[in-house]
Amino acid sequence: MEEESLIFIVGVIGNIMSGLVYLSPTKTFWRIVKHRSTEDFESIPYVCTLLNAYFWIYYGLIKPNSLLVATINCFGIVAETVYLTLFLIFAPPGLRARTATLVAILDVGFPAAAIFLTHSMLHGYLRINVAGLLCVVFSMISYGSPLAAMKTVVRTKSVEYMPFLLSLILFINGGIWTFYALLAKDYFVGVPNGIGFFLGTIQLLLYAMYWKPQKLKKMSDNLEEGWQHDQPPNNSSLISSLLPERSAD
C-alpha cells in the first residue's frame with residue numbers, strides 16, 4: 001500500500017510538471033493573438049505533440065493502474081487543440097491549408113486508424129505492449145529538438161535559444177517520470193523519459209558552461225524562440241524535431 005501511495009504521489013507531481021511543459025507555448029500564442037499573425041512560427045510541433053498525447057492516453061487507459069499517464073495527456077490534448085485552433089485562425093491561407101491537412105492526417109486519421117486496429121486485432125498484454133511501443137516511437141521523435149538546441153549552443157557558445165527555466169522544467173519532468181516508471185516498473189514510460197532526463201542534464205551542464213549574465217534579458221524575451229528547440233511537453237518529454245517553430249533572427 002505504501003508503494004502504491006508513493007507511485008500515486010510521484011505521478012501527481014509528474015502531472016503538474018508536465019502541465020507546465022504543456023503551458024510553455026502560452027507566450028507564443030499570446031503573441032500570435034496580439035499580432036493577429038502566426039509570423040514565422042510553424043504548426044508542426046503542436047501537430048506532433050497532439051499526436052503523441054493521443055497514444056499516451058490510449059496506453060494509460062488500457063494498462064492497469066496507469067490512469068495518471070492518461071490524465072495529463074487529456075490536459076495536453078485540450079491545450080494543443082487550443083493552440084492549433086488559434087494557429088488556424090491567424091495563419092495565412094497557404095499555411096492554414098497545410099496545417100489543416102496535417103491535422104486531418106496526423107491528428108485525426110492516423111491515430112484513429114492505429115488505435116482502432118490495435119484495439120480490435122490485439123488482446124491482453126500484446127495490445128498493451130504494441131500501444132507502449134507506439135508511444136516510445138513517437139516520443140523518440142522529440143529528441144531531435146533538444147539535440148539541435150545543444151548543437152546550437154555549442155556552435156554559437158550562447159544559450160540564448162535554450163532558456164534556463166524551460167530546460168529546468170523539462171529536466172525535472174523527465175526525472176519525475178523516470179522515477180515513476182521505476183516504481184511502477186513501466187519501461188515504456190521509463191525509456192523515453194530516462195533519455196529525456198539525460199538530455200536535460202546535458203542541457204543544464206551546457207547552460208552552466210555557456211551562460212553569460214548580459215544575455216539574461218534577451219533570453220527571457222526569447223522564451224518562445226527557445227520552445228521550438230526543446231522537447232515537447234508531456235509525460236513522454238515533449239516534441240518536436242521535424243521543423244523549428246521559429247527561426248532565430
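Asp186 and Lys63 are both buried in this structure, which is a predicted model. The two residues form a salt bridge with each other, and the closest N and O atoms of Asp186 and Lys63 are 3.2 Å apart. Because Asp186 lies in the loop between helix 8 and helix 9 (187-210) while Lys63 lies in the loop between helix 3 and helix 4, the pair ties together parts of the chain that are 123 residues apart in sequence.

Of the 249 residues in the protein, 51% are buried.

The UniProt record, an unreviewed entry, lists several stretches under "transmembrane region", namely residues 6-23, 44-61, 67-90, 102-122, 128-149, 161-183 and 189-210. Two of these stretches can be followed in the model. Residues 44-61 are 100% helix and 0% strand, with end C-alpha atoms that lie 26 Å apart. Residues 189-210 are likewise 100% helix and 0% strand, and in this span the end C-alpha atoms are 32 Å apart.

Another joins Glu42 to Arg98, with the closest N and O atoms 3.1 Å apart. This pair, too, links distant parts of the chain, for Glu42 sits in the loop between helix 2 (26-35) and helix 3 (44-62), whereas Arg98 belongs to helix 5 (residues 93-121), 56 residues apart.

A disulfide is a covalent bond between the sulfur atoms of two cysteines. The structure holds 0 disulfides. Among the cysteines, Cys48 counts as buried at 10% relative accessibility, whereas Cys74, with a relative accessible area of 39%, is partly exposed.

The last part of the picture is the empty space within the model. Rolling a probe the size of a water molecule over the atoms shows where empty space is left. The largest pocket has a volume of about 500 Å³, and the lining of this pocket consists of 20 residues, of which Ile7, Pro64, Asn65, Ser66 and Ala184 lie nearest its centre. The elements that give two or more residues to this lining are helix 1 (2-22), helix 4 (67-90), helix 6 (124-140) and helix 8 (164-184). Helix 1 supplies the largest share of the lining, 4 residues. Sorted by class, the lining of the largest pocket has 12 nonpolar, 3 polar and 5 charged residues.

Terms used. Residues numbered from 1 in each chain as written. Predicted model: local features only at pLDDT ≥ 70, side-chain atom pairs only at ≥ 80, totals over all residues. Heavy atoms only, no water. 1 Å grid on protein atoms, 1.4 Å probe; cavity = no way out; pocket = protein on both sides within 12 Å on 5 of 7 lines; lining within 4 Å. Points joined across faces, edges and corners; volume = space filled by probe spheres on them. Nonpolar A, V, L, I, M, F, W, Y, C, P; charged D, E, K, R; others polar. UniProt positions renumbered as here; feature names shortened; annotations may be inferred. Disulfide = S-S within 2.5 Å. Buried < 20%, exposed > 50% of the residue type's maximum accessible area, 1.4 Å probe, protein only. Salt bridge = Lys/Arg side-chain N within 4 Å of Asp/Glu carboxyl O.
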